[in-house]
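Thanks for coming. Please have the sequence and the model open.

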Amino acid sequence: MLITFLIGTLLLSVTSALYRNPSTGHPLAKEGLEDYKMDWIGHPLDHFDSSDSRTFKARYWINDRYFDNSNGLVFVMICGEGECVPTGVNSSTPLRYAAKMGAKIAYLEHRYYGKSQPFSGTDGWSYENLQYLTSQQALADLNNFIGFVNKTLGDNSQFVVVGG
C-alpha cells in the first residue's frame, strides 16, 4: 500500500512538472484557438518549375504565448490529410514540450486539404491539377513556410517539425 502510494506520488510529480511553465512554475493554461493567430502564406504551385509563376494560399496558425525570443525555438506541426485544427498545449506531448521549452508553436495546413486549395471548384481535383499533390511539393511548402517564419524571427531560429 505504501509503495503504491509512493509510486503514484512520484508519477503525479513527474506529470505535474511536464504541465508547468519552467520560468514561473505556474501550470500551463489550457488554451484554445484564441491563442492562435491564423493567417495565409503564398506558396508556389510548382516549386520545381521556375517558369510556372502560379501561387496559392495556405493557412497557418501561430501561437507565441510561451515563446522565449532568446532561444528562437519553433515547433512546426504539419497537419495531415484533412482540415487543420490547432489544439491546446495539453492535448499532445510535443506541444507540452514546446510550451515548456519556450517555443513558438506553428501549424501549417497541407496543400489540397481544408481551405488550402490551389484550385477552386470541382476542377481543382481533376487529374491534371492533382499532379501538384505530391510529397515533394508538400515538403517544399514546409521549407517555404520555415523560411518565412525564420525571416520574421531572425536567422538564428531553430525548428522542430512534428507530424505529417
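Let me begin with a cysteine: C84 has a relative accessibility of 3%, so it counts as buried, the limit being under 20%. Bear in mind throughout that this is a predicted model. What is C84 joined to? Its partner is C79, through a disulfide with an S to S distance of 2.0 Å. C79 has 8% relative accessibility, and therefore it is buried as well. A search of the whole structure gives one disulfide. As a reminder, such a link is a covalent bond between the sulfur atoms of two cysteines.

Now the aromatics. How many aromatic pairs does a search of the whole structure find? The number is six. One of them is formed by Y112 and W125, with 5.7 Å between ring centres and 75° between the planes, which makes it edge-to-face. Both residues are in the loop between strand 4, residues 104-108, and helix 3, residues 135-153, so the pair ties together parts that are 13 residues apart in sequence. W125, at 42%, counts as partly exposed.

W125 also pairs with Y113. That pair is edge-to-face too, at 6.2 Å centre to centre and 80° between the planes. Y113 and W125 are twelve residues apart, each in the loop between strand 4 and helix 3, and the pair links distant parts of the chain.

Elsewhere, ring pairs connect Y60, F145 and F148 into a cluster. There is also a contact between a charge and a ring: the charged end of K104 sits over the ring of F67, at 4.7 Å from the ring's centre.

Next, the pocket. The largest pocket has a volume of about 170 Å³.

Last, the two glycines. G88 is in the loop between strand 3, residues 73-78, and helix 2, residues 93-100. Its relative accessible area is 14%, so G88 is buried. Along the chain G88 is 52 residues from Y36, and their C-alpha atoms are separated by 9.4 Å.

G163 belongs to strand 5, residues 158-163. Is G163 buried or exposed? With a relative accessible area of 62%, it is exposed, because the cut-off for that class is over 50%. In sequence G163 and P94 are 69 residues apart, while C-alpha to C-alpha they are 9.8 Å apart in space.

To recap the glycines, G88 is the buried one and G163 the exposed one. For the rings, W125 is the residue to look at on screen, as it pairs with Y112 and with Y113. For the cysteines, look at C79 and C84, which the disulfide joins. That is what I have for today.

Definitions and conventions: Residues are numbered from 1 along each chain as its sequence is written. This is a predicted model: local features need pLDDT of at least 70, side-chain atom pairs count only at pLDDT 80 or more; totals for chains, interfaces and linings use all residues. Side-chain values use heavy atoms; hydrogens and water are left out. Rings of Phe, Tyr and Trp (its six-membered ring) pair if their centres lie within 6.5 Å; planes under 30 degrees apart count as stacked, over 60 as edge-to-face and the rest as tilted. Helices (H or I, at least four residues) and strands (E, at least two) are DSSP runs, numbered from the N terminus. Buried means under 20% relative accessible area, exposed over 50%, partly exposed in between (1.4 Å probe, protein chains only). A charge sits over a ring if NZ of Lys or CZ of Arg is within 6 Å of the ring centre and within 35 degrees of the ring normal. A disulfide is a pair of cysteine sulfur atoms within 2.5 Å. On a 1 Å grid over the protein atoms alone, a cavity is a set of points where a 1.4 Å probe fits but cannot get out, and a pocket is an open set with protein on both sides within 12 Å along at least five of seven lines; lining residues have an atom within 4 Å of a point. Grid points are joined across faces, edges and corners, and a volume is the space filled by probe spheres set on the points.
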